[in-house]
Every structure is written in C-alpha cells, then in structure tokens.
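Work through the exercises below with the sequence and the model at hand. Try each task before reading its solution.

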Amino acid sequence: MGAIELPPKLPRSFYDRETILVARELLGCLLVRVDAGLPRVGKIVEVEAYLGIEDRAAHASHGLTPRTRVLYGAPGHAYVYLIYGMHWCLNVVTEPEGKGCAVLIRALEPLANTDGKTSGPGLVCRALHIDKAFHGHDLESSDLFLTEPVEPVDPAAIVIRPRIGVDYAGAWAEKPLRFYLPGNRFVSRK
C-alpha cells in the first residue's frame, strides 16, 4: 500500500473517560505501529469494553497484581497480555488511575503495511508486530499510538453485542460490551 496521511493522535484526555464511551469512539480510529520506520496502520472496526474490578470477565477482577498493574495505572497506556500461550492482545487503559478498565482492540481493517489477517485480537497484534515489549507503553508515543478517525462514524449505526470467549464470567458474559462497525468484512464475528 502507498503512503497514508495520518490524522492527529488521540490525546490522553480521550482515554480518561468512561470506558463504554471510549470503546464506541475508538471505532474508526487508526491504530499505528511504527516498526523500523515503517508505519503499520489499521482502522479499528471492533472492540470490547472491560469495566474493572466488578467485571468478572476483566483481568482487573483478580485485583492488583504484577500482571494487572498497568490496568490500574494512568489512562492512555497499552495493556498487552498473552492468551493460549501464543497470541498477544492489545488493550488501551481507560478511566482514571485505580479503576482497572480497558478496551480490547478486537479487529482492524488493514490500511498500510500489515502482515496477515487482522480479524481477531491476536491477529491484530501479529499483523502490527505488537508483543510484550509494548506492555505499559504510553500511547502518546511515536511508535505505538491511536489517531482520530479518518471519517466520522455514525453512533446510531454501531452494532452492540455480548463479548466473545468470556462464558466463564457468568452474567457478565451476556452484557452488551462488544461494539463493531456494521458491514465491515474485517469484524471477527458478526
């Protein structure tokens, strides 16, 4: 793909708000990973909100641990973790320090220099070369950041569904905390 003009980066104040609002407003934003000078770019088309310690599907529900310390830290940082011993997943920390809230980036529409599929959180990280090295990373940096949307997203058109793969979370598994752009072929599951 050719060069892409990037919109302005999202400021820290964007993340320092209610998690569901941040999740919905991340749709259409660009995720950018600059790798050896090469910008790997995708448009965010699917996300899931995780609402802190009371959310039985959230890592924060296990309390403050070395693994979750970033979740309880300042908004606008990356919470990166490994699932199934092989897939890295990227979350953006939201709300004020101490809340333990985040938004999982579930799927991207590839725009520039991505490697492979981007329809799933592990595939997002693989395609943009995001791994444990980015755990705790400041999303206002120059090598991993999010930008404003290229074009506006109609809030009324956003599809709302339960999260995927959190059946263990009891009633929290059915809460409508997954958001995606309608009709986008890169969404991981309709």
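**Exercise 1.** State which strands the buried residues of helix 3 pack against.

*Solution.* Step 1: locate the element. Helix 3 spans residues 121-128; helices (H or I, at least four residues) and strands (E, at least two) are DSSP runs, numbered from the N terminus. The model is a predicted one, in which local features need pLDDT of at least 70 and side-chain atom pairs count only at pLDDT 80 or more, while totals for chains, interfaces and linings use all residues. Residues are numbered from 1 along each chain as its sequence is written, and side-chain values use heavy atoms, with hydrogens and water left out.

Step 1: pick out the buried residues. Buried means under 20% relative accessible area, exposed over 50%, and partly exposed in between (1.4 Å probe, protein chains only). Six of the eight residues of helix 3 are buried, namely P121, G122, V124, C125, A127 and L128.

Step 2: find their partners, where contact means heavy atoms within 4.5 Å. These buried residues pack against strand 1 (30-35), strand 2, strand 4 (87-94) and strand 5 (101-112).

Step 3: H129 follows helix 3 and has a positive phi, near 60°.

**Exercise 2.** Explain why E46 counts as buried, and name the side chain with which the E46 side chain makes a polar contact.

*Solution.* Step 1: E46 belongs to strand 2, residues 38-51.

Step 1: E46 counts as buried because its relative accessibility is 0%.

Step 2: the side chains of E46 and R178 make a polar contact of 2.8 Å. A polar contact is a pair of N or O atoms within 3.5 Å; within protein, one must be able to donate a hydrogen and the other to accept it, and residues adjacent in sequence count only if both atoms are side-chain atoms.

Step 3: leaving aside residues up to four places away in sequence, E46 also touches others, among them L27, L104, F179 and Y180.
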